[in-house]
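Take a look at the model below. The questions that follow work through its contacts and its sheets.

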Amino acid sequence: MENRELVCVACPLGCPITVTFDADGNVATITGNTCKRGDAYARTEVTNPTRMLTTTVKVEGGKSYVVPVKSANPIPKGMMMECMKVINEASVKAPVNIGDVVIENILGTGVDIIATNYAD
Amino acid sequence: MLNYDLVVVGGGPAGMAAALKAKENGIDSIIVLERAETLGGILEQCIHTGFGLHYFGEELSGPEYAGRFMKMLEGTDIDVKVDTMVLDVADDNVVTAVNKKDGLLKIQAKAVVLAMGCRERPRGALSIAGSRCSGIMTAGTAQKYVNIDGYMPGHEVVILGSGDIGLIMARRMTLEGAKVKMVCELMPYSGGLTRNIVQCLDDFGIPLKLSCTVVATHGKDRLEGVTIAKVDERLQPIPGTEEYVSCDTLMLSVGLIPENELSKNSGLQLDNITNGPRVDEYRETEHAGVFACGNVLQVHDLVDYVTEESQIAGLGAAKFIKGEKVTGECVYTKGINGVRYIVPQRINHDTDADVKLYFRVGAVFNNAKIIVECDGKEILSKKKVKLCPGEMEYVTLKQSVIKELPVNAEITVRVEA
């Protein structure tokens, strides 16, 4: 398997990291990081990269047009666009509070989509 | 005429933190005046996460970060007036404001905190050739359209400027189904945080074109395309490198300007580099009792740093109101050799605490040393693996070190590559 070159996003330093793999495709070495967090980031990034998803959901029956939402935890990076489709078809009734669950367990990821602002 | 100990102009993260800190330090009558319909400032439309990592130790979205401070404000007797526009801050600390309910307000304050934030550099500042068709807007305006008003301003997007707002909007527009064709950056490096380049551009395969700018826009009623070109070391477009890119939207993320109309009208001189007032270690401007903090003072990368700075200003204002603030002879700071500016610009010689000097560098440096000197003598130095213009840096001067310096001395900060 080829080496993977990454830029760490754990902090603003942005260390260039190289990940090498053994014959079975498992992580062999991680070099270039200057701290433990870089190691952890690189491991997740090459095995199951995840990202926080933030967007908005339509509000019905209120003054606000939309309310901002986020995934309560990071979701698999490859599922972001699919999740967006589900979120864009959803709507929520005013009033909404910070932390309200707008969509439960989106696409079976085990992650809820929750409101990050008030809407009335 | 109303009377308050402290009037805070602006209810964004800076104003809220300053008001709360003053309250904590024993100031009874405080009012926050906010121009918009709600508190929170620009955080209300910054729905992405990444706020609060330093201050709260958690990764929050903008509205969540602002929401925490709003909750804290609600728990106090600090007065808040939203939908209220401050028109003037006079020499004697009389603040004139206007709103629909009260009409014209005059407030006598013992101290004032200026926390008006900043605004985006507009298209007019760039002199790009082309008509005034629709589809050309700042990235922040587009962010409001999408995140607050809930509609898409376009489908095929080119972004000029790789500041953080531009990068964030590249991802936002892509998630909402638009095609972001490229981000063009005039400089040979991005002005945004590396993590944003990775998460907002690389994740979606959006190209970042460095040393590249938009030289013309095309279209009469609606934008139809732009002409981009490479630039030389003097940032001038190189003839023959022009390329046509079709798009219906051009977003500009080309810098932020502290919103200092009130400061200027009140006679405050602005720092040439920061475009903010010149302040001492408690963020007191050259007018006694008038403090400034947040993006009106210097543009910050992280709201956490805005909060930290505003707490310093809030504490300073509280000390001033109680007659406890040190004011007298100063030492002065100056950035040289790669250091563009320093905040604060002056430090009271008899200051009562250690002082952090905040600054930005003018270029990217690897394995560099920051050296602080006074009268040719090194006061302290700090090694840095990486320094770049997009990240604010600081060094801490000990109170005991400041006391040893001659009055009126100049402290310089420089980079040794």
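A salt bridge here is a side-chain nitrogen of Lys or Arg within 4 Å of a carboxyl oxygen of Asp or Glu. The model is predicted.

Q: How many salt bridges lie between chain B and chain A?
A: Side chains of opposite charge can pair when their charged atoms come close. Over all chains, the rule gives 30 salt bridges. Between chain B and chain A the count is three.

Q: Which residue of chain B forms a salt bridge with K77(A)?
A: The closest N and O atoms of this pair are 3.3 Å apart. That lies within the 4 Å cut-off. The partner of K77(A) is D203(B).

Q: Which three residues supply more of the area that chain B buries against chain A than any other three?
A: Chain B and chain A bury about 2,300 Å² between them. Carbon and sulfur atoms hold 58% of it. The three residues in question supply 22% of chain B's buried area, and they are E64(B), L175(B) and D203(B).

Q: How many residue pairs are in polar contact across the interface of chain B and chain A?
A: The contact takes 26 residues from chain B and 25 residues from chain A. Polar pairs across it are counted with both residues at pLDDT 80 or more. The rule finds nine.

Q: Which helix gives the largest share of the side of chain B that touches chain A?
A: Helices α2 (62-74), α3 (139-147), α4 (164-175) and α5 (194-201) of chain B each supply at least two residues of this side. The largest share is four residues. By class, the side has seven nonpolar, eight polar and 11 charged residues. The helix with the largest share is α5(B).

Q: At what angle do the axes of α2(A) and α4(B) cross?
A: Helix α2(A) covers residues 80-89. M80(A), M81(A) and M84(A) meet R172(B), T174(B) and L175(B). The axes come within 10 Å and cross at roughly 65°.

Q: What is the order of the strands in the open sheet of chain A?
A: Four bridges join β1(A), residues 4-7, to β2(A), residues 16-21. Another set of four joins β2(A) to β3(A), residues 27-31. The pairing is antiparallel, and the order is β1-β2-β3.

Q: Why is one side of β1 and of β3 of chain A left without a neighbour in the sheet?
A: Strands of a sheet pair through backbone hydrogen bonds, either parallel or antiparallel. In this sheet, β1 and β3 of chain A each have a single partner strand, so one side of each has no neighbour. The reason is their place at the edges.

Q: Which residue of β3(A) stands opposite F21(A)?
A: Several pairs can be read across this sheet. L6(A) has I17(A) as its bridge partner in β2(A). T20(A) stands opposite T29(A) in β3(A). F21(A) stands opposite V27(A).

Q: Which residue takes a positive phi in the hairpin of β2(A) and β3(A)?
A: This hairpin has five residues between the strands. The phi in question is near 85°. The residue is G25(A).

Q: Which residues does G335(B) contact, leaving aside neighbours within four places in sequence?
A: G335(B) is found in β20(B), residues 330-335. The contact cut-off is 4.5 Å between heavy atoms. G335(B) is in contact with I342(B) and V413(B).

Q: How many residues apart are K110(B) and D5(B)?
A: Their side chains meet in a salt bridge of 3.0 Å, N to O. K110(B) is in β8(B) and D5(B) in β1(B). The pair links distant parts of the chain, 105 residues apart.

Technical notes:
Residues are numbered from 1 along each chain as its sequence is written. Chains are lettered from A and ligands numbered from 1 in the order in which they are written. This is a predicted model: local features need pLDDT of at least 70, side-chain atom pairs count only at pLDDT 80 or more; totals for chains, interfaces and linings use all residues. Side-chain values use heavy atoms; hydrogens and water are left out. Buried area is the accessible area (1.4 Å probe) that two parts lose on being put together, summed over both. A polar contact is a pair of N or O atoms within 3.5 Å; within protein, one must be able to donate a hydrogen and the other to accept it, and residues adjacent in sequence count only if both atoms are side-chain atoms. Ala, Val, Leu, Ile, Met, Phe, Trp, Tyr, Cys and Pro count as nonpolar, Asp, Glu, Lys and Arg as charged, and the others, Gly among them, as polar. Axes are lines fitted to C-alpha atoms, for helices over the stretch in contact, and angles run from 0 to 180 degrees between N-to-C directions. Two strands pair if DSSP finds at least two bridges between them.
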